[in-house]
Amino acid sequence: MGTYPDLPSYVLESGEDLQDVVDKNADELIGKTTITKFNHTKIPYLPKVLSIAKALPLQLHPNKELASQLHSRDPDQFTDPNHKPEIALALSDFEAFCGFKPLKDIQRLMKLPPLQPFLPSVEKPDFDDQTLKHVVKAMLTASDEAIKKTNDALLQLPKEQFGADSYIPELIPRLSKQYDKTDNGTVVALITMNYLRLKKGDSIYIPADGIHAYLSGDIIECMARSNNVLNTGFCPRADRNSIDMFISCLTFTPHSPDECMLPPKTFEKSKNGKTQVYAPPLAEFSVLSTELGDGEEETVEAIGGPSIFIVTGGEGSLKADGKEHKLSEGYIFFVGQGVEMEFRATKGLQIYTAYVE
Ligand SMILES: [Zn+2]
C-alpha cells in the first residue's frame, strides 16, 4: 500500500496512480512539514500485509550508505538508495527470528559438540560480538554437507542439552522440510538468533542492518520507503547475496528477545482511547492500531502528515473531510494531512494506520 514504483496503489474511483494525485496536490495532501523533512513529495513509508506459511529468507536491509552504493552499482537489484528499517505487527500468532540471542546463551549452545567446527580455532577469553561474527560467517559459508551433518548431529543429542532452547530440535525438522537440511539459514537462526513467538498485537522493530527471518503468521509490516534486501539463507543458493557483504553489514542490536519488542503506547490524538501507537525510533513512520467493539466510536484528531490505513476486520464507517465512507475488511484509504478521522463500528472494527508527521 503506497507509492513505491514496483507496485503502486491506484485511486479506486479514478484509476489514477496515487503518486500522481499526491504530486498534483502535494502541499494539501503531504503537507509542507513532511515535504521539507524528506525533501520530496513521496510517501516516506511502505506498509504491507504479509501472510507467512513458510520461512521468509534470512535477511538484512542495508543502511543508507551501503544502500546508495549498491543502488548506483546495481539499480536493477537494489531499486533505491534508501535504508529500510521495519516493524512487524502481529495480526495472529506470529513466529520470527529477530536479532541475536544474548552472548552468554549463544556461548552455552556453542559448547554442544556438533557446533565446535564453527568456533574460531584459537579460543579467545571472551565470547564477544567478534566471536559471534566469526561463528555466523562460518555457519553461512559451511558446505551443504557440513550443515546437514550438523543438523543430524544436533538431532541426536538428548533434548535436555538445549536447556531453555528446547525448541531447537523441534524446529530443525520443520525448517528442513520447508527448505532442506543443507540450508545454512537453519543453523544461524536456531543457534544464534532470538526465536520469538508473538501474539496478536505484539510488535517487533528491526533497525537497518538488523538480521531477521519471519517464520509463520499474519502481520502488518511497515518499513521506510525502500525495497533493498540482502538474503543469505532460507532460499536457494542462487538467490543469496554475498556472504562477505552480509557479514560486513551485520549489527549486533537487538541482542536479546526483549530488545526486539516494540510495545504500543497511548496515542495522544485518540479521543476515545481506542487507538494505540507503535512508534519505532525513526523519522519515516509510526503505526496506529484502532480496535472497536460493536457500536463503538473513535475519533483520531488531524495528523500533520499523510496516512494510509487498512481495515483488517469488521464493518463500519469513516467520516472525514465532510464525507462518509463505508469500511469493511480489506478496504484501504489514503488520508491527506490535517484531516480528522471519525470511525464508527457496526460489527467491530480493526484498523491499522501508517502515518508520518
Ligand atoms: Zn525484512
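1. Is Y179 buried, partly exposed or exposed? Y179 counts as partly exposed, because its relative accessibility is 23% and buried means under 20%. This is a predicted model, and the points below should be read that way.

2. Y179 has an aromatic partner, F234. The two rings sit 5.6 Å apart, centre to centre, with 35° between the planes. That makes the pair tilted. F234 is buried, with a relative accessible area of 1%.

3. The Y179–F234 pair links distant parts of the chain. Y179 lies in the loop between helix 8 (167–178) and helix 9 (184–192). F234 lies in the loop between strand 8 (230–233) and helix 10 (243–249). The two residues are 55 residues apart.

4. The structure holds nine aromatic pairs. Ring pairs join Y179 and F234 to F97, Y167 and Y195 in a cluster. Y179 also has a charge over its face: K54, at 4.9 Å from the ring centre.

5. Now the metal. Four residues coordinate the zinc ion: Q59 (OE1), H61 (NE2), E86 (OE) and H212 (NE2). Their distances run from 2.1 to 2.5 Å. The angles among the four donor atoms span 78 to 157°, and the site is irregular.

6. Along the chain, the zinc donors follow the spacing Q-x1-H-x24-E-x125-H. Q59 in strand 2 (residues 58–60) and H212 in strand 7 (residues 212–224) are 153 residues apart. Q59 is buried at 12% relative accessible area. H212 is buried too, at 1% relative accessibility.

7. UniProt, in an unreviewed entry, places the domain "Phosphomannose isomerase type I C-terminal" at residues 278–322. This span is 58% strand and 0% helix. Its end C-alpha atoms lie 28 Å apart.

Methods: Residues numbered from 1 in each chain as written. Predicted model: local features only at pLDDT ≥ 70, side-chain atom pairs only at ≥ 80, totals over all residues. Heavy atoms only, no water. UniProt positions renumbered as here; feature names shortened; annotations may be inferred. Helix = DSSP H or I, 4+ residues; strand = E, 2+ residues; numbered from the N terminus. Phe/Tyr/Trp six-rings, centres within 6.5 Å; stacked < 30°, edge-to-face > 60°. Buried < 20%, exposed > 50% of the residue type's maximum accessible area, 1.4 Å probe, protein only. Lys NZ or Arg CZ within 6 Å of the ring centre and 35° of its normal. Donors = N, O, S within 2.8 Å, 3.2 Å for Na, K, Ca; no water. Tetrahedral: all angles 85-135°; square planar, octahedral: opposite > 155°, others 65-115°.
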